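Please look at the sequence and the model first.

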Amino acid sequence: MIRSVVRGFGSALPKRAMTNREMEQVVDTSDDWIMQRTGIRQRYIAGEGETTASLGEQAARAALTNAGLTADDIDLVIVATSTPDNTFPATAVNIQNRLGMHHGFAFDVQAVCSGFVYAVTTADAYIRGGLAKRALIIGAETFSRILDWTDRTTCVLFGDGAGALILEAGEGTGASTDRGVLTASLRSDGAHKDKLYVDGGPSTTGTVGVLHMAGREVFKHAVGMITDVIQATFDAAGVRADDLDWLVPHQANRRIIDGSAKKLGIAPEKVVVTVDLHGNTSAASIPLALAVAAGDGRIKKGDLVMLEAMGGGFTWGAVLLRW
């Protein structure tokens with residue numbers, strides 16, 4: 001059977017890192033308050049000329065270099081983002097052009113913080129279905145552009161950045177020992193829309209709008225939803241938490257990450273945490289974390305890796321893959 005196997009990875013961050021101490025000069029907050037509640041030490045903020053597409057292009061080029069490929073070798077580009085450069089065309093088409101790629105097809109996926117998980121699952125379906133041989137999946141965001149910088153409960157949480165993963169068709173036996181994407185579980189429930197949303201859009205206000213979040217409500221649902229979908233993914237693959245080498249969660253809040261791992265019985269040393277470095281970068285957070293952990297040698301060929309995320313909507317999901 002065909003498996004979608006990891007070929008390369010890459011990441012990109014804006015030039016400016018904004019620490020919690022700098023954030024104290026913007027809103028009524030403190031380094032201690034932010035660290036105790038979120039685990040965030042700093043976040044990166046896009047400057048002039050830095051956009052979702054430019055960061056996504058940088059991450060894509062890094063992934064191509066890591067894989068030893070060129071844009072000519074890619075036939076599918078999927079970008080997960082909630083902060084596109086334009087209402088249309090898709091940021092994926094923009095990046096496709098920036099890479100000098102004039103073949104194949106490209107489109108965006110919008111599932112907020114779960115976007116990268118949704119995009120990996122979508123790319124896997126195209127590869128297994130024979131419509132693509134190699135897919136470039138990018139999570140890229142400039143959330144700093146949709147924040148209310150007077151709201152200390154939200155503006156301290158989010159940052160900008162991009163990460164990329166290249167999947168290619170490979171042979172598998174159908175067993176959990178295969179390399180590549182093994183299984184995935186996706187969920188959504190629009191009843192929770194008002195708990196995390198942006199108050200603008202082309203069809204309603206004609207404006208971009210700013211982000212609003214009912215933090216306690218999101219936290220209340222997060223651990224239960226995340227652990228349920230991860231367990232469903234384990235069950236579908238016929239593996240247990242003990243078999244896992246790495247959990248790479250969406251980097252939203254250290255307390256959510258720790259709570260989910262504890263509920264599932266996953267040892268802390270198996271959890272990749274980068275929320276302290278990047279803050280919440282929405283759809284970019286998982287590929288950024290993957291780039292850190294694979295780049296420093298923690299994630300190695302053959303490791304069993306779980307990706308999970310939850311985002312506005314609510315959307316949530318998990319992907320189990322063998323690196």
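**The annotated site**

Asn280 touches Ile40, Cys113, Leu157, Phe158, Gly159, His250, Gln251 and Ala252, not counting residues up to four places away in sequence; contact here means heavy atoms within 4.5 Å. The model is predicted, so local features need pLDDT of at least 70 and side-chain atom pairs pLDDT 80 or more, while totals for chains, interfaces and linings use all residues. Residues are numbered from 1 along each chain as its sequence is written, and side-chain values use heavy atoms, without hydrogens and water.

An unreviewed UniProt entry annotates Cys113, His250 and Asn280 as "active site"; such annotations may be inferred rather than shown by experiment. The three are spread over 168 residues of sequence, yet they cluster in space, with a largest C-alpha distance of 8.7 Å.

Asn280 is found in the loop between α8 (275-278) and α9 (285-295), and His250 lies in the loop between β11 (246-249) and α7 (254-264). Helices (H or I, at least four residues) and strands (E, at least two) are DSSP runs, numbered from the N terminus. His250 counts as buried because its relative accessibility is 6%, where buried means under 20% relative accessible area with a 1.4 Å probe and protein chains only. Asn280 is also buried, with a relative accessible area of 6%. Beyond its neighbours within four places in sequence, His250 is in contact with residues including Cys113, Asn280, Ser282 and Glu308.

Methods:
Buried means under 20% relative accessible area, exposed over 50%, partly exposed in between (1.4 Å probe, protein chains only).
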